[in-house]
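Open the model in your viewer and keep the selection tool at hand. We will go stop by stop.

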Amino acid sequence: MSALTLKLKVELQQRLDCSPLTADKLAGKSPADIAAIELVSGRLSIPVAELFEISGEDITDIRFENSSAKLDHIGHAMSHGRITINGDAGAYLGQFMSGGQIEITGNTFIYTGCEMKGGQIKINGNAGDFVGAARSGYKNGMTGGTIIVSGNTGQRTGDHMRRGMILIEGNAGDYCGSRMVSGTIAVLGDVGKHLGYAMKRGTLLLTKMPKYGISANFNDCGSHTLAFLPLMFASFKKLDSQFAHIDSFSRVQRYAGDIGGIGMGEILVKI
Amino acid sequence: MLLKLTGGRIFDPAHNQNDVVRDIYIRDGRIVEKPIDGRVDEEIDVRGKVIMAGAIDMHTHIGGGKVNIARTMLPEDHAEAIVERTELMRSGCGHAAPSTLTTGYRYAEMGYTAGFEPAVLPVNARQAHMEMHDTPIIDKGGYVMLGSDDFLLRMMAANADQEAINNYVAWTINHAQAVGLKVVNPGGINAFKFNQRKLDLDEKNEFYGVTPRDILHRLSRAVKEIGVPHPLHVHGCNLGVPGNMQTTLDTIQSAEGIPMHLTHIQFHSYGTEGDFKFSSGAAQIAEAINKHKNITVDVGQILFGQTVTASGDNMRQFAGAPHSHPNKWVCMDIECDAGCGVVPFRYKDQSYVNALQWMIGLETFLMVDDPWRIFLTTDHPNGAPFTSYPHLIKLLMDKSFRNDMLSTLHPEAQKATHLASLDREYSLYEIAIMTRAGAAKLVGLADRGHLGVGAAADITIYTDNSDREKMFEKPDYVFKDGQLVVRHGQVVKVTWGTTHVVKPEYDVSIEKSLQEYFDKFHTQKMANFKIHNDEIVDDGRGSLTIQPLHKGGKL
């Protein structure tokens, strides 16, 4: 069976909700059924066939070709299967996903991996604000899984994050790790201002000192040799990411905070 | 246009009609006499069906700042209960804190035609009225809240005469467009700001030296003397504290025969016996209510599940905040006028305390003899959302259903209650008293809650069904002011209800000292504080109904 390929063939006027196009929701549907599914775009419902050229039938391997930043909610609540996106994706990529894989060649926008529970998202471009975050007003962001960003992320990366990993090969924006409850964010490039703002627990791992320094709300706890770091780097070996090739290290400077709250989070900076 | 409802079984306690078969004639939104020539334009055959006046929820938090805070704080409450628009109805959302529109539709679908917001802060009254203005179909009104405001406490600390307090109360009711007066944790909200974390009935506010007992006495007298029909609406001291039963009994005594309405009495009926130091005080409270004819209560029944508690009582909400679920809460001061606390809460049937709260509420319902003095509420949304009323009615009307539910609850709590031995089952007539005639009488609505000639044609028609939950959740027909708004539990027409108010007289000389007080301390000018009649009427969608006063005057 060949991958179910959806090639966007129209210039979208409004944003398009792609949440029905996952392996879970397409289970048992014939190509004709899939062509007839109505997607919501602005105030209209439009059948899939009018928006996409459809080929292939393997719903566990879905490909979006010619994708645009107007395609929202791709991979919504998926539990298995693989989605590959050629081009950009809009907001809420992989929201609530609990398993499976998403890979995208271009950029994603706000709330990538919002409240995801498991699985993996690989972004080869840049990601927008609130990667792995909680929706506004909610208490828990991502609670499992891995998000790999080859480019940069926007602001509030990992806001309210609860578990799981966000690996950023480029730079992270302002307020990285804000209100984090737990989990791990690692950044190979630079980080913006207000790193770890209102962080409760969790780990922010950096390979160099932040450009804007460490906030006064974090205590310098001195240098440490942490045995878990080489083990964690070893676990990255299987990833399709620069993190797989990182030179393992265990010596870090540790800063604990945010002491404006319970102060059990940590920023680890390679020395 | 004359409409005839033919052959229904009428339950109209205001006219002592218990299951009487008679026809009802409706013209121009009113119930009228049988026309002399017998000609009717439309006839609906309702033979065998149960007919009651539209139900009245006399205590439900449907407007005002705290509901909006709850809505803002709980996006999950909306995201999980989204209501799509239809050709007729606008979209909405929410379970515990539904949107204004959804609130109106849901009430109407259950046969309710009026709801009264019990905690309108004077300074926030405009907001409350705007939200209620946006609540379709049902009539509404508010009880304005005093008792922790500095102006009153200053007057009391200076030992002002009762006349001055009466003037202040009447002025506030007028200009906040209220139908009654409420007091929440008398003086306690103010005491909280002076770092007092509890305030008993006879404990002094550290700054003003005023006790809750004084406040209750002054305000209940004021309400009586200015002739407001709804007695002082009291949310007493020590809400939710084990052992608060004694405070409640003292509060009943302290009324000294003046009419007083004790609201969500379930939360005020706790003892301290047993291994858990938490027990039911329902028997003693019910006995006191039965004995003191000046006292009315509504229950504030809890039902299990997720809800949100929203109250002006920031002192007790602050104490309850560690139990919030999900873990987030708000306690705040509202412009130095009063306070507000919003704590989301999940009542669990396997929790000893929650299970006992459920039993205490039902015990109170079953042990208070006079249905004219007890009202069916869940203190929406504090005990449960109002949409659970049909379930609650079934609990009251069906003993075996009640006992089946009881047997699934926390086993230790079951041992701590006599609920299983209470045989009483409410009749349809008693339900009609509690939710219609009694409620209308209590709030002071002359033309609602009954089916006599001249009454507003707010009418609910049910198919009799031994499963009372099914019966009450889906009325066959609901008429609001003579218009058919619900058929088979579905809204078929959207109308806009009126706002009920009272207009007690006051001496304008009170404005001299108020003017000074507003200029010096308040966040708005006195002229802006006043809500004008045309604000309620707005574009013509709203309207004001001024209810008649009782005969007031000195006691």
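**Stop 1: chain B**

This is a predicted model. Select chain B. Its secondary structure comprises 20 helices and 26 strands. Along the principal axes, the C-alpha trace spans about 70 × 60 × 45 Å. A compact globule of 555 residues would have a radius of gyration near 24 Å, and the 22 Å of chain B agrees with that. Of the 555 residues in chain B, 55% are buried. Now consider contacts in chain B between residues at least 6 apart in sequence: 75% of these join residues at least 24 apart.

**Stop 2: the largest nonpolar core**

Which residues touch the most other members of the largest nonpolar core? Select B:Ala108, B:Val120, B:Val144, B:Val169, B:Leu181 and B:Leu219. The core holds 156 residues. Next, colour helix 16 (residues 428-443) of chain B, which gives the most to this core, with ten residues.

Zoom in on B:Ala108. Leaving aside neighbours within four places in sequence, B:Ala108 is in contact with B:Ile137, B:Ile138, B:Val478, B:Lys480, B:Val485, B:Val486 and B:Val491.

A second, separate core has 64 residues, among them A:Ile102, A:Ile147, A:Leu167 and A:Ile267.

**Stop 3: a helix pair in chain B**

Select helix 6 (residues 162-175) of chain B and helix 8 (residues 212-225) of chain B. At what angle do their axes cross? The crossing is at roughly 70°, and the axes come within 9 Å. Helix 6 of chain B and helix 8 of chain B are therefore roughly perpendicular to each other.

Show the side chains. Helix 6 of chain B brings B:Gln162, B:Ile165, B:Asn166 and B:Val169. They meet B:Arg218, B:Leu219, B:Arg221, B:Ala222, B:Val223 and B:Glu225 in helix 8 of chain B. By class, this contact has five nonpolar, two polar and three charged residues.

**Stop 4: chain A**

Switch to chain A. Here you find four helices and 17 strands. The C-alpha atoms fill a box of roughly 65 × 35 × 25 Å along the principal axes. Buried residues make up 44% of the 271 residues in chain A. Among contacts in chain A between residues at least 6 apart in sequence, 40% join residues at least 24 apart.

**Stop 5: where the chains touch**

Show both chains. Five residues from chain A and six residues from chain B form the contact. On the side of chain A that touches chain B, there are one nonpolar, two polar and two charged residues.

Note on methods:
Residues numbered from 1 in each chain as written. Chains lettered and ligands numbered in written order. Predicted model: local features only at pLDDT ≥ 70, side-chain atom pairs only at ≥ 80, totals over all residues. Contact = placed C-beta atoms within 7 Å. Nonpolar A, V, L, I, M, F, W, Y, C, P; charged D, E, K, R; others polar. Axes fitted to C-alpha atoms, helices over the stretch in contact; angles between N-to-C directions. Helix = DSSP H or I, 4+ residues; strand = E, 2+ residues; numbered from the N terminus. Parallel < 35°, antiparallel > 145°, perpendicular 65-115°, else oblique. Rg over C-alpha atoms; globule rule 2.2 N^0.38 Å. Buried ≥ 20, exposed ≤ 12 C-beta atoms within 10 Å, placed from the backbone. Core = buried A, V, L, I, M, F, W, Y, C linked by C-beta atoms within 7 Å.
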